[in-house]
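Please look over the structure shown below before reading on. This report then walks through some of its parts, one after another.

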Amino acid sequence: MTITSQLSADGRELTIAISGRFDFNAHQAFRDAYQRQGASPQRYVVDLQGATYLDSSALGMLLLLRDHAGGDEADIRLLNCNVDVRKVLSVSNFEQLFVIA
Amino acid sequence: MPKRLTILIAEDSPVDRMLLSTIVARQGHRVLTAADGMQAVALFEQERPQLVLMDALMPVMDGFEAARRIKQLAGDELVPIIFLTSLTENQALVGCLEAGGDDFIAKPYNPIILEAKIQAMHRLRRLQATVLAQRDLIARRNQQLLDEHRAAKAIFDKVAHAGCLNAPNIRYRQSPRALFNGDLLLAAQAPAGQMFVLLGDFTGHGLPAAIGAMPLAETFYGMAAKGHSSTDILREMNAKLKQILPVEMFCCATLLDINPLQGTLRVWNGGLPDGYLIGANGQRTPLGSRHLPLGILSAAAFDDEFEHFPLAVGDRLLLLSDGVIESRNTHDELFGERRLLALLDANSDPARLFDEIEQALLAFHGQVQDDLSLIEVSLDETLAGAPLSVPLVAHRSRPIDWSAHFELRAESLRNGNPLPLLLQLLLQVNPLRPRAGAIYTVLGELYANALEHGVLGLDSALKCDAEGFQRYYELRRERLQALAEGHIRLELSIKTHDGGGCLRIAISDSGAGFDVAHALQLQRCDQCLSGRGLHLVRQLTDGFDWQADGRGLGVEFGWAAEA
Amino acid sequence: MSNAHLDSAVLATLQDVMESEYPVLLDTFLADSEERVRLLKQACQAAEADMLRQAAHSFKGSCSNMGATLLAELCRELEDLARREQLAQAPVLIESIEREFAIIGILFRAERQRLG
């Protein structure tokens with residue numbers, strides 16, 4: 001599991017890329033990725049291109065990010081989900097909270 | 001830092017023994033010497049040295065045998081054995097290792113290398129001791145945790161009791177540890193005869209999951225017993241979890257509201273795998289997740305829309321936690337949805353299905369899993385059986401003579417459910433308590449009849465097939481949402497007399513009215529979908545009458561005075 | 001005192017380690033080795049290959065610890081013969097060992113006198 005994050009040039013969009021298993025072990029790294037000092041992005045992208053697996057604690061982490069990004073006002077897109085990841089997200093109906101593409 | 005150890009030297013040659021013990025003693029260690037293997041073993045038992053320097057070839061008992069015995073005596077403790085050897089053949093060196101040797105030192109002895117090896121072995125010894133201490137600590141802590149889980153489970157069972165999970169029409173598989181795996185299984189018989197079943201799966205494991213289960217169970221059982229609707233129970237559970245759980249925690253759940261009297265099933269699934277409604281003929285309807293799990297959305301945003309399905313005797317309901325599908329066996333293979341569906345497809349006798357799933361899981365894993373939950377509810381005649389009664393309170397009954405009128409108008413019809421309140425009121429009357437279930441059932445039927453057929457003008461003929469059934473409940477929802485005018489009036493009157501007493505319930509509504517005699521006629525032959533409404537009301541009451549315009553019905557419950 | 005018979009570096013270490021006990025070690029070696037040579041001859045006469053091998057092996061170890069390089073090498077050859085059960089050549093080799101041990105005896109006694 002590796003997590004990297006990249007702030008756009010204008011500082012408005014933070015992209016968090018996750019590869020490998022997105023599970024409880026990612027907790028601290030994922031938190032660190034969006035709690036960067038000094039950054040206050042308006043949009044978030046979680047790139048799941050390399051994510052092979054996602055469990056319920058990963059869903060919990062996404063909820064934490066959503067809370068951090070303003071709750072109902074949060075603008076978060078989940079990109080490049082593979083079939084398995086998409087299935088987990090859809091069973092939980094997370095498309096009601098996130099833009100999933 | 002070098003440490004002073006007690007070291008046993010087993011060596012038959014006096015020269016080598018003298019040389020070695022001098023070297024070792026000069027390095028600050030306490031030395032014990034033995035001239036053969038037998039002496040070495042005896043000295044070890046007596047003095048428990050921390051390290052052994054052992055010659056391989058000795059009279060009486062050789063070094064290999066002595067090493068084996070010493071390792072056995074040492075048990076879990078690491079007592080390093082360094083073989084003193086001029087052996088050069090590989091086979092002999094292998095023999096030293098097989099006998100339990102940890103290292104070699106070759107003749108002629110080099111004091112510096114010897115001390116380095118002694119200290120290296122001592123470090124290994126300390127490491128082993130640390131590992132053992134930690135192992136024992138972990139074992140103790142784990143035992144403690146299991147004890148605490150047992151105690152916590154006992155408390156949970158007291159608070160949340162088992163509901164009606166032991167009813168004859170329910171089968172379930174859930175380990176006692178399931179609570180600490182985040183799984184929760186609840187079943188309650190509501191006063192009006194419905195059965196509510198909840199399967200929940202909290203994110204995470206251990207104590208946090210178990211703690212969240214507590215208020216959920218209390219809400220579920222408390223509200224079900226008071227006659228609240230499944231919608232109200234669901235909303236309350238969501239609100240409670242939203243309030244107490246940290247942001248990242250939630251509870252995937254399926255709530256079933258099984259109403260055998262009306263022949264309906266209401267299902268709400270947020271985040272759990274498909275459950276199944278399986279007909280007596282094997283026809284299978286998935287009960288899929290349509291909502292976010294509980295504890296995520298605020299009360300305002302929460303979607304409490306249930307799906308409706310017709311139910312008949314012989315139907316079965318199957319719910320499973322994702323532990324079933326996501327469980328892995330020792331080869332790290334996933335049980336998977338495909339395996340489950342294949343099982344369901346292959347089943348020829350629905351009554352055997354539960355056993356078949358259990359057997360398949362056992363065969364797949366080779367042992368019983370403790371992180372999955374499975375429940376089957378079958379609709380048999382017993383489920384539609386006798387309504388509940390509430391125990392009598394101790395005080396003597398006094399004469400009673402009162403009546404109460406209620407009129408519910410559009411806004412209240414849309415959002416409220418007056419029945420729990422009415423039931424609480426009526427249960428103040430001691431002689432009515434044994435018939436609480438019957439009274440509640442009758443109230444429920446009368447109210448539903450007045451609301452759906454009277455105020456909302458719905459035609460129960462719609463419910464003749466499964467599609468129409470869904471349509472019926474969609475219409476109900478739409479019309480209720482749009483309702484601007486209309487009312488239901490309820491009048492309760494109670495009067496005692498010398499010979500006993502009587503409760504009369506009268507209900508009327510703003511609808512167009514209906515031909516009661518005709519409806520009774522129709523429903524008699526309607527076995528399958530829309531239930532037994534008015535017939536049931538007539539069976540459960542001591543008097544049943546209706547107004548000629550069909551807008552009002554009245555029922556009576558009588559009782560005889562105490563002996 | 002380095003030659004084909006004795007390794008002076010080993011002896012220096014021994015002296016260093018044993019300090020005042022060094023002469024006692026030399027005496028112990030000489031006394032013990034006489035017994036070991038006797039055992040070698042006994043095993044050879046009885047044609048006990050295994051006993052001969054063990055005795056040679058054990059003697060070899062002590063010799064190497066005492067820096068008696070050539071004597072240790074002769075013991076190793078004898079151990080090899082015994083392992084291969086070629087006892088016919090053993091008596092000649094044992095004679096060589098006795099001769100070499102006699103030389104070591106002279107050298108060690110000289111060493112003792114040197115130390116006083």
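Leaving aside its neighbours within four places in sequence, with which residues is Ile439(B) in contact? In this predicted model, Ile439(B) is in contact with Leu426(B), Leu432(B) and Phe557(B), once the neighbours within four places in sequence are set aside.

**The nonpolar cores**

Ile439(B) also belongs to the largest nonpolar core, which has 127 residues, and it is listed there among those with the most contacts inside the core, together with Phe196(B), Val197(B), Phe220(B), Leu443(B), Leu446(B) and Ile488(B). The element that gives the most to this core is helix α13 (residues 436-455) of chain B, with 11 residues. At least three residues of the core come from domain 2 (161-382) of chain B, and at least three from domain 3 (401-560) of chain B. Another core, of 67 residues, lies apart from this one, and among its members are Phe44(B), Leu84(B), Phe59(C) and Phe101(C). As a general background, nonpolar side chains tend to be buried together in soluble globular proteins.

**A sheet in chain B**

Chain B contains an open sheet of 5 strands in the order β7-β8-β9-β10-β13, and the pairing is antiparallel. Because β7 (183-189) and β13 (307-310) of chain B each have a single partner strand, they stand at the edges, and one side of each is left without a neighbour in the sheet. From one strand to the next, the twist averages 15°. Within the sheet, Gly200(B) has Ala253(B) in β9(B) as its bridge partner. Helix α7 (residues 230-244) of chain B packs on the sheet, where it touches β8, β9 and β10 of chain B, and its direction makes about 165° with that of β9(B).

Strand β10 (residues 264-270) of chain B holds Asn269(B). Is Asn269(B) buried or exposed? Asn269(B) counts as buried because it has 26 C-beta neighbours inside 10 Å. Beyond four places in sequence, its contacts include Thr254(B), Gly275(B), Leu287(B) and His291(B). Leu287(B) is 18 residues away from Asn269(B) along the chain, yet their C-alpha atoms are separated by 7.3 Å.

**Chain A and its strands**

Chain A has 3 helices and 5 strands, which follow the pattern β-β-α-β-α-β-α-β when read along the sequence. Of its 101 residues, 33% count as buried. If one takes the contacts in chain A with a separation of 6 or more, residues 24 or more positions apart account for 70% of them.

β1(A) and β2(A) form a hairpin with 5 residues between them, and Gly11(A) in the turn has a positive phi of about 75°. In this pair, Thr4(A) has Ala17(A) in β2(A) as its bridge partner, while Ser19(A) is bridged to Gly50(A) in β3(A).

| Strands | Sense | Bridges |
|---|---|---|
| β1 (residues 2-7) and β2 (residues 13-22) of chain A | antiparallel | 6 bridges |
| β2 and β3 (residues 43-54) of chain A | parallel | 9 bridges |
| β8 (residues 195-202) and β9 (residues 251-259) of chain B | antiparallel | 8 bridges |

**Where chains A and B meet**

How many residues of chain B are in contact with chain A? There are 13 residues of chain B in contact with 12 residues of chain A. On the side of chain B that touches chain A, the residues divide into 7 nonpolar, 5 polar and 1 charged.

Key
Residues numbered from 1 in each chain as written. Chains lettered and ligands numbered in written order. Predicted model: local features only at pLDDT ≥ 70, side-chain atom pairs only at ≥ 80, totals over all residues. Contact = placed C-beta atoms within 7 Å. Nonpolar A, V, L, I, M, F, W, Y, C, P; charged D, E, K, R; others polar. Helix = DSSP H or I, 4+ residues; strand = E, 2+ residues; numbered from the N terminus. Buried ≥ 20, exposed ≤ 12 C-beta atoms within 10 Å, placed from the backbone. Core = buried A, V, L, I, M, F, W, Y, C linked by C-beta atoms within 7 Å. Domains from an automatic or database assignment. Pairing = 2+ DSSP bridges. Axes fitted to C-alpha atoms, helices over the stretch in contact; angles between N-to-C directions.
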